[in-house]
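Look at the chain below and follow its helices from one to the next. The paragraphs after it go through them in turn.

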Amino acid sequence: MFYPKESYPLIILILAFYFIIKGIRSIVYYLTMARYMVGGRESLYIGVIWLDFGMVTGSLADVPYYFVLMYLVAIHGFSGVILILRTIEARRSGSSSWRLKLMHGIVDIAMAFICIVFIRKPDVTVIIYAVGLMYSALMRIISACRRTALIVIE
């Protein structure tokens, strides 16, 4: 975040590594457990798609930053829409944890909007990505520390 000019290739590397690891993890899950489950083949397809995203992202190191900003817009926008839709579903089912998801979805959509507004400034790409990572980490820490209902079957 403090060296935006030098951090651009590092962002590409982190995104590619994350997507590839996520794809390999999903494929290994399919090979070890999910192939015996109903609908387990979906895990294989998702793993292959994540692996492809990782390879495409890794090849973006030489392209202009506009493409990476559009990539960030797509990731934040899609994630925000999905979180808001999950919030609507959770609220309808009577769950009490929908407010945190709604806030996370709104912030993700705001990040996508900020990416579009500052598309002409390459330094902003690094700052947006770093702030997004920090916010996502904070939301995961908060949700991990929340009390959850536990159902015990004896």
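Helices here are DSSP runs of H or I with at least four residues, numbered from the N terminus. This is a predicted model, in which local features need pLDDT of at least 70, side-chain atom pairs count only at pLDDT 80 or more, and totals for chains, interfaces and linings use all residues. Residues are numbered from 1 along each chain as its sequence is written, and side-chain values use heavy atoms, with hydrogens and water left out.

Start with Thr-57, which is found in helix H2 (residues 41-58). A residue is called buried under 20% relative accessible area and exposed over 50%, with partly exposed in between (1.4 Å probe, protein chains only). Thr-57 is buried because its relative accessibility is 0%. Its contacts, meaning heavy atoms within 4.5 Å, include Ile-12, Leu-15, Ala-16, Phe-19 and Tyr-71, leaving aside residues up to four places away in sequence. The side chain of Thr-57 also comes to 2.6 Å from the backbone oxygen of Phe-53.

Next is helix H4, residues 98-117. The expected span of a helix is 1.5 Å times one less than its number of residues. Which residues of H4 are buried? They are Trp-98, Leu-100, His-104, Gly-105, Asp-108, Met-111, Ala-112 and Cys-115. Viewed down the axis of H4, these buried residues fall within an arc of 170 degrees, so they line one face of the helix; the arc is taken from the directions from the helix axis to the C-beta atoms. On the other side of H4, Arg-99 and Phe-113 are exposed. As background, an α-helix has 3.6 residues a turn, so residues three or four places apart point the same way.

One of the buried residues of H4 is His-104, with a relative accessible area of 14%. Not counting residues up to four places away in sequence, His-104 touches Leu-83, Tyr-135, Ser-136 and Met-139.

Helix H5 (residues 122-145) has 24 residues and should span 34 Å, which agrees with the 36 Å between its end C-alpha atoms. Among its buried residues are Val-124, Ile-128, Tyr-129, Tyr-135 and Met-139.

Finally, consider the nonpolar core, a set of buried Ala, Val, Leu, Ile, Met, Phe, Trp, Tyr and Cys residues joined through side-chain atoms within 4.5 Å. The largest has 14 residues, and Ile-11, Leu-15, Cys-115, Ile-128 and Tyr-129 have the most contacts inside it. Helix H1 (4-32), helix H3 (65-92), H4 and H5 each supply at least two residues of this core.

Note on methods:
A polar contact is a pair of N or O atoms within 3.5 Å; within protein, one must be able to donate a hydrogen and the other to accept it, and residues adjacent in sequence count only if both atoms are side-chain atoms.
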